[in-house]
Structures are given as C-alpha cells and as structure tokens.
Amino acid sequence: GTWRRPSAPRPPRPRKEPQQLVIPRSAAEEQRLRLERLMRNPEKTVPIPEKLNEWAPRPPPEFVRDVMGSSAGAGSGEFHVYRHLRRREYQRQDFMDAMAEKQRLDEEFQKKLERNKMIAEEQTAKRKVCVYIWLKFVPESFDTSSSSAKLGSASGVGCFCLPH
C-alpha cells in the first residue's frame, strides 16, 4: 500500500470546553460528580453492566489418570500436585458451605415475607369486620361529630372500635 494525500483537507474538530480538574474528597462527592457528568447529556444512553455470574468451582474430572498411591518414594514434585488438589478441594467445600448458607438465608427471608403477609391480611380482615359492624349495627342517631368517633371518610364508613 502506497500512501495517498487526501483530496480535500479535513474540517477542524470542534473544540471541547476545558474542564476543571476536581478531585473528590469523599464518596458522596464522587457520586455527585458522576451524576453531574451523566446529566450533562441526558439523551446519551448509559451502559448498564449485566450481572456477573457467580464463581463456581470446576466440576471434578470424569477420569483421573494419575492417581497418587500410598507407596513410599514419592518424588519432590508430588507434594506440589497434592497441595494443589487439596487447595481445590477446600475451595470446593467452602463454596458448597457458602451456597448452603445463602440458601438457608433465602428460605428464612421467604418465611419472614409470608409471615408478614399473613399478619397484614389478618389486620386487614379485622378492619373489614369492624367497618361491617359499624355499618350494620350503629344506630342512625349516633353523633359522628364527637371526638370519640372520628370517621375515615365522609360517607359515614369508619371505625370507633378500640385499637386492634
């Protein structure tokens, strides 16, 4: 390839505004600077990284060719092989323990969510019964303007029962 001169000169590049160098002194200031930089051009798309897959140990090999025997006279290089295998096995066990702990915490969290949901439903059911009692059994002549009977809405639906 031979070099050829371009037929027309290039137009000059637009000059960027010189920006003052700001060194953040705290995490909050660094976050503020990043947000300001993002908001300078709101039309520009922001790359959101995908969630990285969790690390998992390699599965054990299908067939182990060089099984170490228990006979005496192992060479000096065998210790390093053994040490590497031992380290990988400990890593695998730690990973399995961490996954079991994560699963246990997830199950506890789901149980707590279910328990909170049931409590909220029970409280809602009690309020519904209370409103029903109010609509059904309170006489028409009951004075709703007193301070002891504050209603929830102007339609006459409310509850003057004791706290649940």
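Is Trp55 buried, partly exposed or exposed? Trp55 is partly exposed, its relative accessible area being 49%; the class runs between buried (under 20%) and exposed (over 50%), with a 1.4 Å probe and protein chains only.

## Basis of the model

This is a predicted model, in which local features need pLDDT of at least 70 and side-chain atom pairs count only at pLDDT 80 or more, while totals for chains, interfaces and linings use all residues. Residues are numbered from 1 along each chain as its sequence is written, and side-chain values use heavy atoms, with hydrogens and water left out.

## The aromatic pair

Rings of Phe, Tyr and Trp (its six-membered ring) count as paired if their centres lie within 6.5 Å; planes under 30 degrees apart are stacked, over 60 edge-to-face and the rest tilted. By this rule there is one aromatic pair. The ring centres of Trp55 and Phe95 are 5.8 Å apart and the planes stand at 85°, so the pair is edge-to-face.

The pair links distant parts of the chain, 40 residues apart: Trp55 lies in the loop between helix H1 (27-39) and helix H2 (78-137), and Phe95 lies in helix H2. Helices here are DSSP runs (H or I, at least four residues), numbered from the N terminus. Phe95 is partly exposed, at 21% relative accessibility.

## Salt bridges

Side chains of opposite charge can pair when their charged atoms come close. A salt bridge requires a side-chain nitrogen of Lys or Arg within 4 Å of a carboxyl oxygen of Asp or Glu, and the whole structure contains seven of them. One of these joins Lys102 to Glu54, with the closest N and O atoms 2.7 Å apart. This pair also links distant parts of the chain, 48 residues apart, with Lys102 in helix H2 and Glu54 in the loop between H1 and H2. Lys102 is partly exposed at 37% relative accessible area, and Glu54 is partly exposed at 47%.

Other bridges lie within a helix. In helix H1, Arg34 and Glu30 are four residues apart, about one turn of the helix, and their side chains meet at 3.1 Å, N to O. Arg34 is exposed at 54% relative accessibility, whereas Glu30 is partly exposed at 35%. In helix H2, Arg104 and Glu101 are three residues apart, about one turn of the helix, and their salt bridge spans 2.5 Å, N to O. Arg104 is partly exposed, with a relative accessible area of 37%, and Glu101 is partly exposed, with a value of 37%. Salt bridges that share partners also join Glu29, Arg32 and Glu36 into one network.

## Surface patches

Patches consist of residues with over 30% relative accessible area and no salt bridge, like charges being joined within 9 Å and nonpolar side chains (Val, Leu, Ile, Met, Phe, Trp, Tyr) within 5 Å. A patch of positive charge on the surface gathers Arg10, Arg13, Lys16, Arg37, Arg40 and Lys44. Lys and Arg count as positive, while His and the chain ends are not counted; the place of a charge is taken as NZ of Lys or CZ of Arg. Lys44 lies in the loop between H1 and H2 and is exposed, at 57% relative accessible area.

A nonpolar surface patch is formed by Leu35, Leu38, Met39, Val46 and Ile48, which together have about 530 Å² of accessible area, computed by the Shrake-Rupley method with a 1.4 Å probe. Leu38 belongs to helix H1 and is partly exposed, with a relative accessible area of 42%.

How values were computed
Helices (H or I, at least four residues) and strands (E, at least two) are DSSP runs, numbered from the N terminus.
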